[in-house]
Amino acid sequence: MVTFILYALILGGFVISFLVEVLNLNSIQTSIPKEFVGIYDEEKYKKSQEYLKANTKFGLIQEGFLTTLLILFIFFHGFAKWDNFLQLKFSSPIIRGLIYIGGLSLLNYFAHLPFSLYETFKIEEKFGFNKTDLKTFIIDQIKSLFLGFILGGFLLGVILWFFQKFNNAWFIAFLFVVGFQIFMMFIAPITIMPFFNKFTPLEDGDLKNDIQNFTTAQSFKLSGIFKMDGSKRSTKANAYFTGFGRFRRIVLFDTLITKHSREELVAVLAHEIGHYKMNHIFRQLGVSILETALTFYIFSLFINNHYIFDAFSMEYFSVYASLVFFGIFFSPISSILSLYSLYLSRKYEFEADHYAALTYKKPEALSLALKKLSADSLSNLTPHPLKVFLEYTHPPVLKRIERLKN
């Protein structure tokens, strides 16, 4: 029975994803929305639709392949055979767990790698976004693997040790993971992000003055304003804040600076400041902590469950295998839990837009920036409501523009 539920969850997830994507494609509006007349021409708007179709087709092929691979791996007892091999080689459950999950992670990485290559050098290249060369791509992959194994291995090792030493380990592990995540939020901008991109202080000039004038007027302290070499990898533009308190810093992609006016840039940053001023960051962090606590509690009910281990043909019980199997079974539950976070995120985007419009007093500048960002990234302007409900962290751009006009 559990084996049937396992396969039903895996296949059901793919079927739902397939149906949502079909609905999303069918919601394409062939004529340019009136708000984007003058931003899109007919050729570019058609290109955005082709980009959506290419990404959707590619995503479904990728998901279908990976779903099939997972089912075959379970059917041919891959999880059990890998564990049986390690049981003969290592006596320490922590070492065995690190190698077990590390090996599965590596297998998952190589299963995804061809798709990453195709997406970067075929799809993104075809639609004019990719600026990454093969050397940069390979270096990025090596860095990501290195950081993943160092940080992920440390986190996993500590969690396994907790479950080996304590009876109520789920709660102790939860506290440790939350503390680790908050710690990384402080140090990542300084230690990890520069590992991939170059950050330079924004040069003196009108843009820097405008930003500083606005942040001063809003009593918003910063540790600095930085420009990031986003053009090294893509033509797509972005801006974001990192850090907390006096460690807060603004990061602007160089591509964003070249494509937008000063007023548009300050309006975008006013939106981001709105998230801080309205306590969205801490509220979302609170929701995330509650979700993490619930996740660890449910995991504690999964540990060494013989029905689940039988479904994967396992001979030995272990916490590390329980983690892997929990991840597979928990995936649909996680999707349901995330719906509230997604709803909050979309709600907070509207509120941050409102804050920017009231404080910077140039809603048309933010509206124009949103239009240009959408056009430059060939975004889907008319996503299906179900797609938005299940996946979108931001409201559709047309709804944001409509709110700004009002």
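How many bridges join strand β2 (residues 224-228) to β4, and do the strands run parallel or antiparallel? I found 5 bridges, and β2 and β4 run parallel. I took strands, and helices too, as DSSP runs numbered from the N terminus (strands E, at least two residues; helices H or I, at least four). Two strands pair if DSSP finds at least two bridges between them.

**Ground rules**

I am working on a predicted model, in which local features need pLDDT of at least 70 and side-chain atom pairs count only at pLDDT 80 or more, while totals for chains, interfaces and linings use all residues. Residues are numbered from 1 along each chain as its sequence is written, and side-chain values use heavy atoms, with hydrogens and water left out.

**Entry: the sheet**

I looked up the strand order next. The sheet is open, has 4 strands in the order β1-β2-β4-β3, and its pairing is mixed. β1 (199-201) and β3 (239-242) are at the edges with a single partner strand each, so one side of each has no neighbour in the sheet. Ignoring direction, neighbouring strands are turned by 30° against each other on average. For angles I used axes, which are lines fitted to C-alpha atoms (for helices over the stretch in contact), with angles from 0 to 180 degrees between N-to-C directions.

I then followed β4 (residues 249-253) to its other partner. β3 and β4 pair in the antiparallel sense over 4 bridges. Thr-242 has Arg-249 of β4 as its bridge partner. Helix α9 (residues 262-277) packs on the sheet and touches β3 and β4, and its direction makes about 30° with that of β3. Contact here means heavy atoms within 4.5 Å. Also in β4, Ile-250 stands opposite Phe-241, and Val-251 is the bridge partner of Phe-226.

Is β4 mostly covered or mostly open? It is mostly covered, with 5 of its 5 residues buried. I count a residue as buried under 20% relative accessible area, exposed over 50%, and partly exposed in between (1.4 Å probe, protein chains only). Arg-249, Val-251 and Phe-253 point one way from β4, Ile-250 and Leu-252 point the other way, and all are buried.

**Entry: α5 against α6**

I checked helix α5 (residues 134-165) against helix α6 (residues 169-191). Their axes come within 9 Å and cross at roughly 160°. α5 and α6 are therefore roughly antiparallel to each other. For that word I used angles over 145 degrees; under 35 is roughly parallel, 65 to 115 roughly perpendicular, and the rest oblique. The α5 side of the contact includes Leu-151, Phe-154 and Phe-163, and the α6 side includes Trp-170, Phe-176 and Met-184. Nonpolar covers Ala, Val, Leu, Ile, Met, Phe, Trp, Tyr, Cys and Pro; charged covers Asp, Glu, Lys and Arg; the others, Gly among them, are polar.

**Entry: α4 against α12**

At what angle do helix α4 (residues 93-126) and α12 pack? The angle is about 30°, with the axes 8 Å apart. α4 and α12 are therefore roughly parallel to each other. Pro-93, Arg-96, Gly-97, Tyr-100, Ile-101 and Leu-104 in α4 meet Tyr-320, Ala-321, Leu-323, Val-324 and Phe-325 in α12. I read the classes of this contact as 9 nonpolar, 1 polar and 1 charged.

**Entry: two tyrosines of α12**

Tyr-355 is in helix α12 (residues 319-360) and counts as buried at 13% relative accessibility. Leaving out residues up to four places away in sequence, Tyr-355 touches Gln-218, Ala-270, Ile-273, Gly-274, Lys-277 and Met-278.

Tyr-360 is also placed in helix α12, and is buried with a relative accessible area of 15%.

**Entry: positive phi**

I looked at two residues with positive phi. His-77 has a positive phi of about 60° although it is not a glycine. His-77 lies in the loop between α2 (42-75) and α3 (78-89) and is partly exposed at 35% relative accessible area.

Leu-378, another residue other than glycine, has a positive phi near 55°. Leu-378 lies in the loop between α13 (363-376) and α14 (385-391). Is Leu-378 buried or exposed? Leu-378 counts as buried, at 5% relative accessibility.
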